[in-house]
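Visitor: I would like a close look at a single part of this model. Please keep it brisk and give the cut-offs as you go.

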Amino acid sequence: MYETIETSIEGRVATIRFNRPKALNALNSKVLEEVLDAATKYDADPAIGCLILTGNERAFAAGADIAELNEQDYASMYASNFFTGWDRFAALRIPKIAAVSGYALGGGCEVAMMCDIILAADTAKFGQPEVKIGCIPGIGGSQRLTKLVGKARAMDLILTGRMIDAQEAYDMGLISRKIPAEELLSVAKETAETIAGYARDITMMARACVNAADENSLENGIRFERQMYHALFGSPAQQEGMTAFLEKRKPNFNEQAKLEDA
């Protein structure tokens with residue numbers, strides 16, 4: 001069905017795998033189109049509770065496709081609002097996990113940062129090397145990286161274009177966990193299954209609250225969180241979760257979702 005990605009579903013977890021191995025999974029317009037198509041469908045599907053985005057052992061994605069970019073000029077970039085589709089991917093409400101092995105450079109690093117959790121193999125390499133080709137990050141890298149690791153470290157990475165390994169990425173707060181390469185996908189799937197096992201509307205609310213911390217003052221962020229917290233009371237997930245706790249049994253959120261959809 002797709003030319004540049006592979007997709008699969010196991011239980012309530014969907015996986016999108018970049019599949020341009022000869023180009024180290026470089027991101028072009030076709031990749032964006034196909035990732036957005038697949039991810040949008042998963043986002044709208046109540047049977048999917050979490051999405052994994054990954055590549056192969058050599059590269060998550062080694063950056064934007066320079067051959068495609070080199071054909072552009074200001075007029076064409078502005079007219080097409082180049083890269084804007086990735087904003088739509090980032091805005092999808094389904095929880096997203098980036099499972100990174102090998103290179104996540106430039107656009108690859110930027111797309112990983114659009115995900116809610118970054119799990120990295122101990123072989124992973126991150127960086128924003130755009131300055132080396134007379135360019136700057138263009139898919140949100142200067143903004144997301146600064147929010148994740150702070151101004152000083154973001155300036156270091158973006159102005160030097162240097163590449164960092166998984167340990168340094170972990171130490172600076174860019175990634176959630178550093179994992180042995182051979183265990184990366186199994187840990188990613190286990191994590192996704194855990195998230196997908198909870199009520200989908202609640203995990204969406206939770207990630208919205210965390211994201212609000214980046215966009216609001218502390219006072220406004222707390223107000224948003226409180227509104228979300230109040231709003232979930234009376235929902236099937238809240239009732240099932242708290243009833244199960246009081247009855248000392250495991251909650252069945254997925255069954256509640258089926259009843260609600262019916």
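How many residues of strand E5 (residues 96-100) are buried?

Guide: Five of the five residues of strand E5 are buried, so the strand is largely enclosed by the rest of the structure. Buried means under 20% relative accessible area, exposed over 50%, and partly exposed in between (1.4 Å probe, protein chains only). Strands (E, at least two residues) and helices (H or I, at least four) are DSSP runs, numbered from the N terminus.

Some ground rules. This is a predicted model, where local features need pLDDT of at least 70, side-chain atom pairs count only at pLDDT 80 or more, and totals for chains, interfaces and linings use all residues. Residues are numbered from 1 along each chain as its sequence is written, and side-chain values use heavy atoms, with hydrogens and water left out.

Now the side chains of E5. Lys96, Ala98 and Val100 point one way. Ile97 and Ala99 point the other way. All are buried.

Next, the neighbours. Strands pair if DSSP finds at least two bridges between them. Strand E3 (residues 50-54) is joined to E5 by four bridges, and the two run parallel. Leu51 has Lys96 of E5 as its bridge partner. Four bridges also join E5 to strand E7 (residues 117-121), again in parallel. Here Ile97 is partnered by Ile117 in E7.

Follow the chain to the loop between H5 and E7, where Asp116 lies. The side chain of Asp116 meets that of Arg207 in a salt bridge, at 3.0 Å from N to O. Arg207 lies in helix H10 (residues 200-215), so the pair ties together parts that are 91 residues apart in sequence. A salt bridge here is a side-chain nitrogen of Lys or Arg within 4 Å of a carboxyl oxygen of Asp or Glu. Arg207 is buried, with a relative accessible area of 13%. Asp116, at 31%, counts as partly exposed. The whole structure holds eleven salt bridges.

H5 lies across E4, E6 and strand E8 (125-127), at about 90 degrees to E6. Contact means heavy atoms within 4.5 Å. Angles run from 0 to 180 degrees between N-to-C directions, with axes fitted to C-alpha atoms, for helices over the stretch in contact. The sheet itself is open, with four strands in the order E4-E6-E8-E9 and mixed pairing. Strands E4 (59-61) and E9 (163-165) stand at its edges with a single partner strand each, so one side of each is left without a neighbour in the sheet. The twist averages 20 degrees from one strand to the next.
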